[in-house]
Amino acid sequence: MPIKIPNNLPAANVLEGENIFVMNAARAYSQDIRPLRLLILNLMPIKEVTETQLLRLLGNTPLQVEADFIYTESYVPTHTSRAYLSEFYGTFAEVRHKKYDGFIITGAPVEQYAFEEVAYWDEVAEIMQWSKKHAFSTFHICWGAQAGLYYHYGIPKHWTEKKIFGVYEHHRCVQHESLLRGFDDIFYVPHSRHTET
């Protein structure tokens, strides 16, 4: 099913080239379908790459998905132009009155800082608090997962002796966890990190 994205989003050309069905806003509004509404807080420096990766995965669903992207106002990325952000992204202030079916917080290259030292930590914490009542489900990725564990549950990260890098075997320890539905008892996951929780 299609991913509804802003008109002219550069990821559209890449996704269409991969035979992933994308739909611009004008066509989506002509359909009588309620899309799955997602908010994505993209903290990665090169926004286009992360957008394409996420939209590629979201395009493998039978639902129509409508994605809104936001960035932090407290720290404006230096690898993505202001014009790009103005055209394809909003700020938290612009979406805080809305409700979403799902919310995704991406990783960020700030793993080696304490959470409180990250320039946009207070804003991310405010957004995570907001998400409790404005997003039905939240998915945290990479540093975003560590930030979520720390903010919501007080679980700190710990330094590893050396960087963990590679694809590692994992064992499913809980048989009836809905998040792991469809997983084999043993599955492989890539890791690239200096810390763990």
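These legends describe close-up views of a predicted model. Local features need pLDDT of at least 70, side-chain atom pairs count only at pLDDT 80 or more, and totals for chains, interfaces and linings use all residues. Residues are numbered from 1 along each chain as its sequence is written, and side-chain values use heavy atoms, without hydrogens or water.

**View 1. The largest nonpolar core has 23 residues.** A nonpolar core is a set of buried Ala, Val, Leu, Ile, Met, Phe, Trp, Tyr and Cys residues joined through side-chain atoms within 4.5 Å. Buried means under 20% relative accessible area, exposed means over 50%, and partly exposed lies in between (1.4 Å probe, protein chains only). L41, L43, Y120, W121 and W143 have the most contacts inside this core. At least two residues each come from β3 (36–41), α5 (92–95), β6 (100–105), α6 (121–134) and α7 (143–153). Helix α6 gives the most, with six residues. Helices (H or I, at least four residues) and strands (E, at least two) are DSSP runs, numbered from the N terminus.

**View 2. L43 and its neighbours.** Leaving out residues up to four places away in sequence, L43 touches T72, I105, T106, G107, A108, P109, Y120, V124 and W143. Contact here means heavy atoms within 4.5 Å. A second, separate core has 18 residues, including L15, V65, Y71 and Y84.

**View 3. Aromatic rings in pairs.** The whole structure holds 15 aromatic pairs. Rings of Phe, Tyr and Trp (its six-membered ring) pair if their centres lie within 6.5 Å; planes under 30 degrees apart count as stacked, over 60 as edge-to-face, and the rest as tilted. W121 and W143 have ring centres 6.2 Å apart and planes at 80°, so they are edge-to-face. W121 sits in helix α6 and W143 in helix α7, 22 residues apart. Both are buried. Ring pairs also link Y75, F115, Y120, W121, W143 and Y150 into a cluster.

**View 4. F183 meets F187.** Their ring centres are 4.8 Å apart and their planes are at 85°, so this pair is edge-to-face. F183 is partly exposed, at 37% relative accessibility. F187 is buried, at 17%.

**View 5. Charges over rings.** R37 lies over the face of Y100, 4.8 Å from the ring centre. K157 lies over the face of F115, at 4.5 Å. The cut-offs are NZ of Lys or CZ of Arg within 6 Å of the ring centre and within 35 degrees of the ring normal.

**View 6. D68 and its salt-bridge partners.** A salt bridge is a side-chain nitrogen of Lys or Arg within 4 Å of a carboxyl oxygen of Asp or Glu. The structure holds six. R37 meets D68 at 3.7 Å, N to O. R37 lies in strand β3 and D68 in strand β4 (residues 65–71), so the pair ties together parts 31 residues apart in sequence. K98 also bridges to D68, with the closest N and O atoms 3.9 Å apart. D68 is buried, at 19%, while K98 is partly exposed, at 27%. R37, E66, D68 and K98 form a network of salt bridges.

**View 7. C142 in its loop.** C142 lies in the loop between β7 (135–140) and α7. Most residues other than glycine have a negative phi. C142 is not a glycine, yet its phi is positive, about 55°. C142 is exposed, at 54% relative accessibility.
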